[in-house]
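Subject: Structure for your files

Dear colleague,

Here is the structure we spoke about. My notes on what was found in it follow below.

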Amino acid sequence: MIDIKDLSIVFGSGRLRVEAVKGLDFHVEEGEAFGLVGESGSGKSTVLRAICGLAPIARGSISINGNKVTEPRGRQFYSTVQMVFQDPYGSLHPRQTIDRILSEPLSIHGQRDQDLRIVAALEEVGLGPAYRFRYPHQLSGGQRQRVAIARALILNPKIVLLDEPTSALDASVQAEILNLLERLRTERGLTYILVSHDLAVVTHLCRRLLVMRNGEMAELTDSSTLRRGQPASAYTRELIRATQGFARAKALSAVPRRICGKAADPLNSAEHMHSGGKNTRPRSP
Amino acid sequence: MGNLATSSRRGRLRKWLTTNEPISRGQARLGSAYRSWLAFSRNPLAMLGLIIVLALIIIAIFADQIATPSPVVGGDLRTERLQPPGENHWLGTDNQARDIFSRLVHGSRLTLMVVMLVTVIAMPIGLLIGTVAGYMGGWVDAVLMRITDIFLAFPRLILALAFVAALGPGIVNAVIAIAITSWPPYARIARAETLTIRNSDFVLAVRLQGASPFRIITRHIVPLCIPSVIIRVTLDMAGIILTAAGLGFLGLGAQPPTPEWGAMIAAGRQFIIDYWWVATMPGIAIFVVSLGFNLLGDGLRDVLDPKAEK
């Protein structure tokens with residue numbers, strides 16, 4: 001579905017030249033949820049932005065369905081690939097109603113039955129028609145993120161790029177959004193690339209994942225290995241330890257593990273979910 | 001009983017407007033407008049400004065009914081010249097024996113016309129140039145902004161003078177000259193606003209839906225720039241009126257016998273010591289209207305500012 005070969009992304013030139021991503025290779029199967037993990041500044045979001053044309057490709061190639069992406073991306077591309085942004089407070093136009101926000105992609109692509117499709121899209125993300133004519137400032141963070149997901153899905157894309165879709169939300173809402181994303185993926189056969197610094201989020205949603213460090217691949221692994229705490233590379237182990245280190249006291253881990261409802265594992269423990277905010281990201285020492 | 005019915009109907013209307021769950025596009029838009037109005041009407045100075053501006057509009061519309069004496073043809077030159085304010089002539093008469101009140105009332109049409117034409121010409125130009133420069137960046141930005149800088153480098157009245165001198169005196173040419181000289185600040189503001197939102201996620205999201213730059217600018221960026229430009233235009237209204245009056249005063253704006261306020265001051269200047277009312281009355285009119293627009297602009301800033309969260 002998605003093929004990335006020797007991808008390099010460079011910002012600036014001369015002395016200001018920064019190579020954000022250096023020769024990255026990976027492949028994502030159709031219907032798969034693929035995770036990109038790493039500390040902040042590791043280039044994981046930049047990869048997503050390069051896929052949808054928001055960051056320049058310096059070297060290498062990105063292919064969707066075997067076709068190399070064009071520069072600039074065509075309308076066809078955007079009806080196949082959509083993106084959900086990290087911050088639901090910044091990704092919705094502050095002066096447009098939800099209705100207007102959702103009808104925009106439909107009118108750009110000249111599609112009919114806007115009324116029906118908007119109601120259906122809201123329904124699908126668990127928002128009733130009562131929300132249709134509200135403004136974003138009348139919604140909570142979780143509701144806004146649902147609207148953003150509805151907007152991404154309204155064109156029936158095959159691939160959805162998720163850029164830390166839950167890191168701006170609080171713990172209970174995080175779980176709701178993750179379950180929603182999981183349900184949508186199985187129902188519609190979507191392909192996800194999920195970027196997150198939060199190992200719990202990634203292991204919840206993705207089977208295979210790529211650990212990135214300084215713009216390079218550190219390790220290609222899968223979530224069960226990670227859950228068992230046996231990754232191959234030392235860096236990933238450090239990353240896991242950083243996550244656990246946040247729990248501080250052992251006593252805290254006795255707190256009932258309710259939010260993710262997953263098997264007992266250090267990555268999914270409740271206190272970790274609570275520390276999942278942007279400011280408390282795990283860092284390797 | 002009837003009173004009760006109306007008050008309950010009003011209550012229902014208010015509930016309909018302030019509901020959190022509007023059921024149509026129109027209701028959502030009206031509800032948001034109603035909330036802005038509630039915020040605006042809480043500011044007494046802004047309301048005063050609004051009343052002054054509304055009064056100006058009403059006076060301009062009903063000028064013929066409000067002031068019956070002709071503003072152009074005076075009375076008997078031997079007996080009715082330069083009369084002080086009194087019963088027959090509320091604000092006195094000028095040196096052509098014309099009723100000053102009538103001239104002021106009819107002059108409001110000219111003032112309003114100048115203000116509206118300048119807005120209609122200058123605001124779209126400024127918005128377009130500013131948003132395009134801000135969104136496109138690169139050499140488009142450089143070229144458009146240098147042109148703006150060139151216009152900004154000239155003192156406004158002097159540039160307007162030059163244009164009027166080239167186009168010939170007259171109120172329409174004065175309007176064009178003022179419009180040509182007043183768009184650069186709007187372009188600057190629109191560009192600054194655009195720069196702050198061009199890389200925001202909601203604009204990127206629309207880009208990722210495949211929207212063209214034209215669509216992004218007109219449908220997503222311009223609506224966010226309009227409030228600050230409207231505020232600036234309203235605050236500039238006073239300056240526009242004064243520039244028009246200044247051109248009239250210099251004899252390059254409205255030509256006699258048109259009752260233009262600036263030209264009226266110029267005419268009254270010759271005998272300001274002995275017959276003070278001839279120059280003072282139009283001066284007060286200009287002052288009141290300028291103040292009204294300024295107060296209105298200040299109030300609008302509080303309501304429309306996109307950065308002030310409701």
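To start at one end of chain A: where is the place of Ile2(A)? Ile2(A) sits in strand β1 of chain A, which covers residues 2-11. Please keep in mind throughout that this is a predicted model.

Ile2(A) counts as buried because 22 other C-beta atoms lie within 10 Å, and the cut-off for that class is 20 or more. Setting aside neighbours within four places in sequence, Ile2(A) is in contact with Val28(A), Ile64(A), Ile159(A) and Thr191(A). There is also a pairing across the sequence: Ile2(A) and Asn65(A) are 63 residues apart in the chain, while their C-alpha atoms are 6.3 Å apart in space.

Backbone points

Most residues other than glycine have a negative phi, and most peptide bonds are trans.

- The peptide bond from Glu71(A) to Pro72(A) is cis, with omega near -5°. Pro72(A) belongs to the loop between β5 (67-68) and α2 of chain A.
- Asn214(A), not a glycine, has a positive phi of about 50°. Asn214(A) is placed in the loop between β9 (208-213) and β10 (216-222) of chain A, and it counts as partly exposed, with 15 C-beta neighbours inside 10 Å.
- Ala97(B) also has a positive phi, of about 65°, without being a glycine. The loop between α4 (63-66) and α5 of chain B holds Ala97(B). With 18 other C-beta atoms within 10 Å, Ala97(B) is partly exposed.

Chain A against chain B

At the interface, 27 residues of chain A are in contact with 25 residues of chain B. On the chain A side, the elements that give two or more residues are α2 (75-80), β6 (81-84) and α3 (98-108). Of these, α3(A) gives the most, with 4 residues. Sorted by class, the side of chain A that touches chain B has 12 nonpolar, 8 polar and 7 charged residues.

Chain B overall

Chain B has 12 helices and 0 strands. Its C-alpha trace spans about 75 × 70 × 25 Å along the principal axes. Chain B has 310 residues, and 39% of them count as buried. Among contacts in chain B with a separation of 6 or more, 69% are between residues 24 or more positions apart.

The core

The largest nonpolar core has 143 residues, and the members that touch the most others are Leu161(A), Leu194(A) and Ile241(B). Helix α10 of chain B (residues 213-249) supplies the largest share of this core, 15 residues. Apart from residues up to four places away in sequence, Ile241(B) touches Thr111(B), Val114(B), Val115(B), Ile286(B), Val289(B) and Ser290(B).

Two packed helices are described by the angle between their axes and the distance between the axes. Two pairs are set out here in those terms.

Helix α5 of chain B (residues 100-136) and α10(B) have axes that come within 7 Å and cross at roughly 140°.

From α2(B), Ser36(B), Ala39(B) and Phe40(B) meet Gly299(B), Asp302(B) and Val303(B) of α12(B). The contact of α2(B) with α12(B) has 3 nonpolar, 2 polar and 1 charged residues.

Best regards

Technical notes:
Residues are numbered from 1 along each chain as its sequence is written. Chains are lettered from A and ligands numbered from 1 in the order in which they are written. This is a predicted model: local features need pLDDT of at least 70, side-chain atom pairs count only at pLDDT 80 or more; totals for chains, interfaces and linings use all residues. Two residues are in contact if their C-beta atoms, placed from the backbone, lie within 7 Å. Ala, Val, Leu, Ile, Met, Phe, Trp, Tyr, Cys and Pro count as nonpolar, Asp, Glu, Lys and Arg as charged, and the others, Gly among them, as polar. A nonpolar core is a set of buried Ala, Val, Leu, Ile, Met, Phe, Trp, Tyr and Cys residues joined through C-beta atoms within 7 Å. A residue is buried if 20 or more other C-beta atoms lie within 10 Å of its own, exposed if 12 or fewer, and partly exposed in between; C-beta atoms are placed from the backbone. Axes are lines fitted to C-alpha atoms, for helices over the stretch in contact, and angles run from 0 to 180 degrees between N-to-C directions.
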